[in-house]
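Subject: Structure handover

Hello,

The structure you asked about is below. My notes on what was found in it follow.

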Amino acid sequence: MRDSRCAIGVDLGGQSVKLALVDGQGVIRRRRQESIDATKSAEQLCGVMLDQIRLLRLDARSENLAPSAVGIIMPGYMDRQRTRLIFAANLPTLSGSNLLADLRAGLDLPVTFDADSNGAAFGEYCYGAGQGVDRLTVVAVGTGIGAGVVADGQIVRVRHHIGGSLGHIIVDPRGLKCACGARGCVETVASGRALERQALEAAGSEPHSRLAALLNQRGSLTGKEVAEALAQGDSAACRVVRQCGWWLGVALASWAVVHAPRKVLIGGGIAQLGLPFIQAIHDGLQEVGQPALVKDTTVEPAGLGPDAGVVGAAGLAMAGL
Ligand SMILES: [Zn+2]
């Protein structure tokens, strides 16, 4: 039977809020996006979100759709009942604010809140590359590294509503100090920030590389330049991508002892590095991990791309989670 439900998914990030009207098949019927000024107060940010949700409901009417719920995801930590924000990464004015209660008060629909990593994981599980996978981990590699876990269709909540902090699995106890206070977290060697740092080092030590040329031209190296050099077969870029991916695979080898994922999906901004990055993650996992545990674990690109969050947020709302 065709699922005729629909819901609004809202993905609040540090720079913008993305919204989508999503139907019961996980298809986006309408979308909206608005930039966010992270210095604005919690009340102002709440107003922006409520306005955008109202506008999307008007759009829904023109499609003859009536969303039954709103799902909102964001980076940060919520209290146990998911009624209060304890800490909001990238949006400092929201930390400790009443945003969640104010949003609920401003909407006459049921509202679900969750961590952004759970939204993306649930989206991939319901509608993306993780459909039907009994133990699924969905990784987002951006500035940092996060992950959501779905086991037997349920979101795994260990602490702060997430299945664990993949980015802070320690892979090198004598390595660099991490922003979290620990030493040698995988974020120090495999995140977008780590990729940029290693690309700069590689450009310095290999002045004839494509990476070095791009650094000269543009003055800085981001994931975009690394992806460009990689596509042109630059050996320095290959080495950096391989190293970052391999370390993430090493972290996943430890993660596997806890969550035993059958499938790991890789998304986030760094996914633009494509298959060489995925292959390196797979190799790190297989070289280091417990063979019986990881031999059947597959590593693949996420299926929904940057829409995983909004689609998953709507899915959470439809499921009333
Ligand atoms: Zn850390």
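In this predicted model, 12 residues of domain 1 are in contact with 16 residues of domain 2. On the domain 1 side, the elements that give two or more residues to this contact are β5 (77-78), β7 (111-115) and α3 (116-127). The most comes from α3, which gives six residues.

As for the bounds, the domain assignment puts 6-124 and 307-319 in domain 1, and 132-303 in domain 2. The C-alpha centres of the two domains are 27 Å apart.

Helix α3 also lies across β8, β9, β10 and β11 (263-267), and runs at about 50° to β9. These strands belong to an open sheet of five strands with mixed pairing, in the order β10-β9-β8-β11-β12. The edges are β10 (154-155) and β12 (298-301); each has a single partner strand, so one side of each has no neighbour in the sheet. Within the sheet, β8 (residues 135-141) and β9 (residues 145-151) run antiparallel and are joined by seven bridges. Alanine 140 stands opposite glycine 146 in β9.

The last item is helix α6. In α6 (residues 210-218), the residues Arg210, Leu211, Ala212, Leu214 and Leu215 are buried. Their cover includes α5 (192-205), α7 (223-231) and α8 (235-259). After α6 comes glycine 219, with a positive phi near 85°.

Regards

Terms used: Residues are numbered from 1 along each chain as its sequence is written. This is a predicted model: local features need pLDDT of at least 70, side-chain atom pairs count only at pLDDT 80 or more; totals for chains, interfaces and linings use all residues. Domain bounds come from an automatic or database domain assignment. Two residues are in contact if their C-beta atoms, placed from the backbone, lie within 7 Å. Helices (H or I, at least four residues) and strands (E, at least two) are DSSP runs, numbered from the N terminus. A residue is buried if 20 or more other C-beta atoms lie within 10 Å of its own, exposed if 12 or fewer, and partly exposed in between; C-beta atoms are placed from the backbone. Two strands pair if DSSP finds at least two bridges between them. Axes are lines fitted to C-alpha atoms, for helices over the stretch in contact, and angles run from 0 to 180 degrees between N-to-C directions.
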